[in-house]
Amino acid sequence: MVKRGDKLPAEFRQEWLERNRELRKTAGKLLAPLIADGNILPGEPLYHGVASLYYPTIVEARAAHDKDIGKDAISVISEERVLFEKSGATYKTIGQLKVILTDVRKKELTPAQFKDAASKVYAKVESKTMIDAGVQKMVVSFAMPEKDKQPAFDSMLELYFATADEVKNAFSSPVIGDLRKEIEPLVDLDAPEIRIVVEESTL
């Protein structure tokens, strides 16, 4: 995740996509979301560009992770799991809307304890309820422990939507709020919240 700094949105968008096309040469798959236009959800996002790089082995992931990612950027190695996906859903290769939500675990929980407890919370989520709220797909990623540092976050939830109106409707309904309440007992509520609505491009 990166910030655009003093770059204009259009300038940052072009630079970000070009940079990630170069990174795509080393990754098996690369998703390069950019902050969505139009302030779909209230609040100023902490980051403006996100890249998800997929590698077949942890060794390759760590090699990419060790490279300089620049000032005010964060990088986390994680394991991803699709929690559910709406049957027949279609996704755009450019401009696919999704909401990214991250959590930092409470200090008294080990990474393994947090992953186990959070997985149980997400396992209880009824896919029909989320689909009725407009969610096309729900994906969770858990950060892999690092020997020498604490990752910027311990889990990342990604919710895919077809339209901006469906994002707004889902977050104004009790569905997302109830899900967040379920996970709150495991989460450090004083940690910075990363909540970004992005338009994802598959490179």
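Reader: What order do the strands of the open sheet come in, and how do they pair?
Author: This is a predicted model, and in it 6 strands make an open sheet in the order β2-β8-β5-β7-β6-β4, with antiparallel pairing.

Reader: What makes β2 and β4 the edge strands?
Author: Each of them, β2 and β4 (78-85), pairs on one side only.

Reader: How do you know that β2 pairs with β8?
Author: Pairing takes at least two bridges between the strands. Strand β2 (residues 34-35) is joined to β8 by 2 bridges, so the pair meets that cut-off, and the strands run antiparallel. One of the links is Ile35, whose bridge partner in β8 is Val198.

Reader: And how many bridges hold β5 and β8 together?
Author: Strand β5 (residues 94-103) pairs with β8 over 7 bridges, again in the antiparallel sense. Among the partners, Leu97 is bridged to Glu199 of β8.

Reader: Why is β8 called largely enclosed?
Author: Of the 7 residues in strand β8 (residues 195-201), 5 are buried, so the rest of the structure largely encloses the strand. Buried here means under 20% relative accessible area.

Reader: Arg180 is a charged residue, so where does it sit, and why does it count as buried or exposed?
Author: Arg180 lies in helix α6. Its relative accessibility is 17%, which is under 20%, so Arg180 counts as buried. Leaving aside neighbours within four places in sequence, Arg180 is in contact with Leu101, Thr102, Asp103 and Tyr122.

Reader: Is Pro145 buried or exposed, and what makes it so?
Author: Exposed: Pro145 has 53% relative accessibility, and the label needs over 50%, so the residue qualifies. Pro145 belongs to the loop between β6 (135-143) and β7 (155-161).

Reader: What does Pro145 touch, then?
Author: Not counting residues up to four places away in sequence, Pro145 touches Arg62 and Pro111. As for Lys7, it is 138 residues away along the chain, and the C-alpha atoms of Pro145 and Lys7 are separated by 33 Å.

Reader: Which residues touch the most other members of the largest nonpolar core?
Author: Met130, Leu159 and Phe171 do, in a core of 31 residues. At least two residues of this core come from each of β5, α3 (111-123), β6, β7, α5 (164-172) and α6 (174-183). There is also a second, separate core of 12 residues, with Val50, Ile100, Ile196 and Val198 among them.

Reader: What is Met130 in contact with?
Author: Setting aside neighbours within four places in sequence, Met130 is in contact with Phe84, Val125, Val135, Met138, Leu159, Val175, Ile176 and Leu179.

Reader: On to the open spaces: what is the volume of the largest pocket, and which residues are closest to its centre?
Author: The largest pocket has a volume of about 930 Å³. It has 35 lining residues, and Ala51, Ser52, Leu53, Ser75 and Val76 are the closest to the centre. Each of α1 (9-23), β3 (52-54), α2 (58-65), β4 and β7 supplies at least two residues of that lining. By class, the lining divides into 21 nonpolar, 8 polar and 6 charged residues.

Reader: Which elements give two or more residues to the lining of the second largest pocket?
Author: Those are α1, β2 and β8, and α1 has the largest share, with 4 residues. The second largest pocket holds about 440 Å³ of space and is lined by 23 residues, with Ile35, Ala36, Asn39, Pro45 and Val197 nearest its centre. Its lining splits into 13 nonpolar, 4 polar and 6 charged residues.

Reader: What makes something a cavity and not a pocket?
Author: In a cavity a 1.4 Å probe fits but cannot get out, whereas a pocket is open. The structure holds 1 cavity of 30 Å³ or more, and the space in the largest cavity is about 30 Å³.

Reader: Which residues line the largest cavity, and how many are charged?
Author: The lining is His65, Ser75, Val76, Ile77, Met144, Glu146, Lys149 and Pro151. By class that gives 4 nonpolar, 2 polar and 2 charged residues. Asp, Glu, Lys and Arg count as charged, so Glu146 and Lys149 carry that label.

Notes. Residues are numbered from 1 along each chain as its sequence is written. This is a predicted model: local features need pLDDT of at least 70, side-chain atom pairs count only at pLDDT 80 or more; totals for chains, interfaces and linings use all residues. Side-chain values use heavy atoms; hydrogens and water are left out. On a 1 Å grid over the protein atoms alone, a cavity is a set of points where a 1.4 Å probe fits but cannot get out, and a pocket is an open set with protein on both sides within 12 Å along at least five of seven lines; lining residues have an atom within 4 Å of a point. Grid points are joined across faces, edges and corners, and a volume is the space filled by probe spheres set on the points. Buried means under 20% relative accessible area, exposed over 50%, partly exposed in between (1.4 Å probe, protein chains only). Contact means heavy atoms within 4.5 Å. A nonpolar core is a set of buried Ala, Val, Leu, Ile, Met, Phe, Trp, Tyr and Cys residues joined through side-chain atoms within 4.5 Å.
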